Amino acid sequence: MKVVVDYDLCEANALCMKAAPEIFRVEDDDTLTVLIDNVPDDLKEKAQEAARLCPRQAISYE
Ligand code: SF4
């Protein structure tokens with residue numbers, strides 16, 4: 001499962017980081033870093049929760 005972020009939509013409010021800090025990190029300069037490109041099975045639930053919580057629907061998976 002590959003993480004896809006639409007950076008044009010992302011507003012760096014860090015809700016994804018709260019749901020899945022292993023995968024998403026919002027930097028001090030308000031940019032989002034994806035820490036794991038391919039989500040392992042044990043993080044899939046957290047990854048889906050992060051996508052669900054994103055108010056901008058900026059996160060999807062392939
Ligand atoms: S929850 Fe969505 S808008 Fe917020 S930082 Fe994450 S990807 Fe960006």
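## Close-up views of a predicted model

F24 belongs to strand β2 (strands are DSSP runs of E with at least two residues, helices are runs of H or I with at least four, and both are numbered from the N terminus). The model is predicted, so local features are given only at pLDDT of at least 70 and side-chain atom pairs only at pLDDT 80 or more, while totals for chains, interfaces and linings use all residues. Residues are numbered from 1 along each chain as its sequence is written, and side-chain values use heavy atoms, with hydrogens and water left out.

View A. F24 counts as buried because its relative accessibility is 0% (buried is under 20% relative accessible area, exposed is over 50% and partly exposed is in between, with a 1.4 Å probe and protein chains only). Leaving out residues up to four places away in sequence, F24 touches V3, V5, C16, M17, L32, T33, V34, L35, A50, I59 and Y61 (contact means heavy atoms within 4.5 Å). Between F24 and I36 the C-alpha to C-alpha separation is 7.8 Å, and they are twelve residues apart in sequence.

**View B. The largest nonpolar core, with 21 residues.** Such a core is a set of buried Ala, Val, Leu, Ile, Met, Phe, Trp, Tyr and Cys residues joined through side-chain atoms within 4.5 Å. The residues with the most contacts inside this core are V3, I23, F24, I59 and Y61. Two or more residues come from each of β1 (3-5), α1 (15-19), β2 (24-26), β3 (32-34), α2 (44-53) and β4 (59-61). Helix α2 gives the most, with three residues.

**View C. I23 and L43.** Apart from residues up to four places away in sequence, I23 touches V3, T33, V34, L35, I36, V39, L43 and A47. L43 lies in the loop between β3 and α2 and counts as buried because its relative accessibility is 11%. With neighbours within four places in sequence set aside, the contacts of L43 are E22, I23 and I36. The C-alpha atoms of L43 and I23 are 8.4 Å apart, with a sequence separation of 20 residues.

**View D. Q48 in helix α2.** Q48 counts as partly exposed because its relative accessible area is 42%. Not counting residues up to four places away in sequence, Q48 touches M1 and Y61. Q48 and L32 are 16 residues apart in sequence and 17 Å apart from C-alpha to C-alpha.

View E. The ligand sits in the largest cavity. A cavity is a set of points, on a 1 Å grid over the protein atoms alone, where a 1.4 Å probe fits but cannot get out, and a molecule sits in it if more than half of its atoms lie within 2 Å of its grid points.

**View F. Positive phi at A14 and D30.** A14, in the loop between β1 and α1, has phi near 70°. A14 counts as buried because its relative accessibility is 14%. D30, in the loop between β2 and β3, has phi near 65°. D30 counts as exposed because its relative accessibility is 54%.

Methods
1 Å grid on protein atoms, 1.4 Å probe; cavity = no way out; pocket = protein on both sides within 12 Å on 5 of 7 lines; lining within 4 Å.
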